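Open the model in your viewer and keep the selection panel at hand.

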Amino acid sequence: MKFFVDTAEVNDIRELNALGLLDGVTTNPSLIKKSGRDFAEVVREICDEVEGPVSAEVVSLDYDSMIAEGTKLSELADNIAIKVPLTWDGLKACRTFSDQGKMVNVTLCFSANQALLAAKAGATFISPFIGRMDDLNLDGMQLIQDIRQIYDNYMFETEILAASIRTANHVSECALAGADVATCPPGVLRSLSSHVLTDKGLEGFLKDWEATGQKI
Ligand code: G3P
């Protein structure tokens, strides 16, 4: 499973990329707001740092304006994935961009039928929002499993990009369910290496080593 980081904070992206962990980056208008940075400037900086796809989202709702915005975004760098919402106009824009050979991430997916439409519209990525489904007592992980089954049934190449990931458990569950990509906040990615028994075991080993009086 590929790891994308879901942030517009360039320092976090640099740190995680230096570990060789990052296959791509996703941003959205809320993350741009949180960064306090100029959209085009920060997206260009991220694209310079990371080789993989960097999702940048259109903010218009009608097809013509989405095409104008997405075209502008795609000119920022070669590794831009244009992010469009899962609406009728968004799907139409997805088809146009896909026919032009551009990467498209169709976002705000909450049902298997929406994912089926995105695949038929030529999406590179479909973004089901796990955490926001869990917030409503809906089963986000079941959605990932259903999309996996549908895409495999018909050999769709659209990658399942699990989004709105909130916990380390979400990550392993997505991997088990066959998601192609998990896009995680930096804190969730960092938390993946932690285990209380690792810390406890290490403490015991170091205490015993010290008692031997030896050095390596
Ligand atoms: O990738 C989409 C993500 O940014 C949404 O996450 O936590 O706001 O639901 P969240």
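Keep in mind that the model is predicted.

Show both side chains. The ring centres of Phe4 and Phe125 lie 5.7 Å apart and the planes stand at 75 degrees, so this is an edge-to-face pair; the angle needed for that is over 60 degrees.

Colour the two strands next. Phe4 belongs to strand E1, residues 2–6. Phe125 belongs to strand E6, residues 125–128.

How many aromatic pairs does a search of the whole structure find? The count is four.

Select Tyr151, Tyr154 and Phe156. These three residues make up one aromatic cluster.

Move to Tyr63 and show Lys92 with it. The charged end of Lys92 sits over the Tyr63 ring, 4.5 Å from the ring centre.

Finish with the helices. Select H8, residues 140–154, and H9, residues 168–177. Their axes come within 9 Å and cross at roughly 25 degrees. That angle makes H8 roughly parallel to H9, because the limit is under 35 degrees. The crossing of H8 past H9 is right-handed.

Which residues make the contact? On H8, show Met141, Ile144, Gln145 and Arg148. On H9, show His170, Glu173, Cys174 and Ala177.

Technical notes
Residues numbered from 1 in each chain as written. Predicted model: local features only at pLDDT ≥ 70, side-chain atom pairs only at ≥ 80, totals over all residues. Heavy atoms only, no water. Phe/Tyr/Trp six-rings, centres within 6.5 Å; stacked < 30°, edge-to-face > 60°. Helix = DSSP H or I, 4+ residues; strand = E, 2+ residues; numbered from the N terminus. Lys NZ or Arg CZ within 6 Å of the ring centre and 35° of its normal. Axes fitted to C-alpha atoms, helices over the stretch in contact; angles between N-to-C directions. Parallel < 35°, antiparallel > 145°, perpendicular 65-115°, else oblique. Left-handed = near helix turned anticlockwise from the far one by under 90°. Contact = heavy atoms within 4.5 Å.
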